[in-house]
Amino acid sequence: MIAATTWLGIELLRPGDVLWGVLAALALAVLGVLGLALRRSGLARLVDPRQFARFVPGFDPGRARWRVVCAVAAALALGLALTGPVRGYTLRDVERRGLDLVVAIDTSRSMLVQDLSPSRLERAKREVKGLLDRLSGDRVALLAFAGDVRDVAPLTHDRRTLAAFVEGLDTNENLVGGTDVGAAIDRALALFDGATGAHEAIVLLTDGEDLAGGATQAAERAKERGIRLYIVGMGSSEGGKIPDGQGGFVRDEEGKEVVSALEADSLERLSKITGGDFLTTARAALPLEELWEKRLTKMETRELWAGKERIPHDRYQWLVAVAALFMGVETAVGDRRRRSGGTF
């Protein structure tokens, strides 16, 4: 990613690599100074400094120091070239092949049950972010649902923003209690803009407690459009108590603590209506990644316009030219002054 800060209109693609270039130049400087000191010490042991002109004709310590300076400058320029300096850019239309996916995450209070660590909802969020990391040219929309359905993000290629939205999901934003899986499916269908479902799919993450009903009818509507429904069951068959947000647990009308368990059978039947599939955290360690690798990547893709891509103009050549100049000077200078007769 291009750095946010610029200097004289120049941006760095890899600003973190500046440190390595500076360290390499410093290391070369230290070695150069040490080499000069050892050379001077060696000459002093062999020749009296007052006899240098006689026994080491033309030797100039100043030239030796300049050679070290030029070598260090060349190393620094090459190190900076590796940071990817750019100046100016061209905008280019980008089209990619990919799928359209609508990811719907259950945010009902039962998703706070901790039969999955640290909770069903947090595990679902982690699964979705892992899926986003694997996408390339695909578009993803994000829904959150409980008794109501909320549009979190439309179909987009912006995976970083999607990941931030996923991280911010919680149960406090629900306007209506309960769980309406059917409404989530219908809203997902409304977000698709294709004429065929060959490149479209719905990914639903829920514990399966469909308190509103209507999910079967919604799945039939998805089947009519050729859109498959893939469901990831969040939770265990044993279930767990539902936190009430006040340090206790939700109780029923008789005062008993409510235990929420995964409704695996009903969710599996729902997915099969559309020709999709059902996975759970009990069957797969990373169900969404398995879903992507074994199911979604087998689907037909289509050309999707991804907007405009910023193509920066590389300017590393400038620094390479500077490094070459310093290396040329370092080679040409030499350690000895040229005699009047044209030889050293």
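**Entry 1: the main core**

I started with the largest nonpolar core, which has 31 residues. I looked for the members that touch the most other members, and found Val103, Ile105, Val128, Leu205, Leu288 and Leu296. I then listed the elements that supply at least two residues each: strand 3 (100-106), helix 4 (120-134), strand 4 (139-145), helix 5 (159-167), strand 6 (200-206), strand 7 (228-233) and helix 9 (287-294). Helix 4 gives the largest share of this core, five residues. I note here that the model is predicted.

**Entry 2: the whole protein**

I stepped back to the overall figures. The protein has ten helices and eleven strands. Of its 344 residues, 40% are buried. I checked the contacts with a separation of 6 or more, and 79% of them join residues 24 or more positions apart. The accessible surface is about 18,700 Å², and carbon and sulfur atoms hold 56% of that.

**Entry 3: helix 7**

Which residues of helix 7 are buried? In this helix, residues 215-224, I list Ala215, Ala218, Ala219 and Ala222. They span an arc of only 100 degrees around the axis, so they sit on the same side of helix 7. I looked for their packing partners and found helix 6 (181-191) and helix 8 (264-273). After helix 7 comes Gly226, with a positive phi near 75 degrees.

**Entry 4: salt bridges**

I searched the whole structure and got 19 salt bridges.

Arg139 pairs with Asp100, and their closest N and O atoms are 2.9 Å apart. Are the two partners buried or exposed? Arg139 is buried, at 14% relative accessible area. Asp100 is buried too, at 0%.

Arg120 and Asp207 meet through their side chains in a salt bridge, 3.1 Å from N to O. Arg120 is in helix 4, while Asp207 is in the loop between strand 6 and helix 7; the pair links distant parts of the chain, 87 residues apart. I find both Arg120 and Asp207 buried.

Glu257 forms a salt bridge with Lys241, with 2.6 Å between the closest N and O atoms. Lys241 is in strand 8 (240-241), and Glu257 is in the loop between strand 8 and strand 9 (259-260), 16 residues apart. Glu257 is partly exposed, with a relative accessible area of 28%. Lys241 counts as partly exposed as well, at 38% relative accessibility.

Salt bridges link Lys272, Asp277, Glu290 and Arg295.

**Entry 5**

Which helix gives the most to the patch? Helix 1 (residues 18-46) does, with five residues. I checked Leu23, which is in helix 1. Leu23 has 40% relative accessibility, so I log this residue as partly exposed.

Terms used
Residues numbered from 1 in each chain as written. Predicted model: local features only at pLDDT ≥ 70, side-chain atom pairs only at ≥ 80, totals over all residues. Heavy atoms only, no water. Helix = DSSP H or I, 4+ residues; strand = E, 2+ residues; numbered from the N terminus. Buried < 20%, exposed > 50% of the residue type's maximum accessible area, 1.4 Å probe, protein only. Contact = heavy atoms within 4.5 Å. Areas by Shrake-Rupley, 256 points an atom, 1.4 Å probe, with all protein chains shown as cover. Core = buried A, V, L, I, M, F, W, Y, C linked by side-chain atoms within 4.5 Å. Arc of directions from axis to C-beta. Salt bridge = Lys/Arg side-chain N within 4 Å of Asp/Glu carboxyl O.
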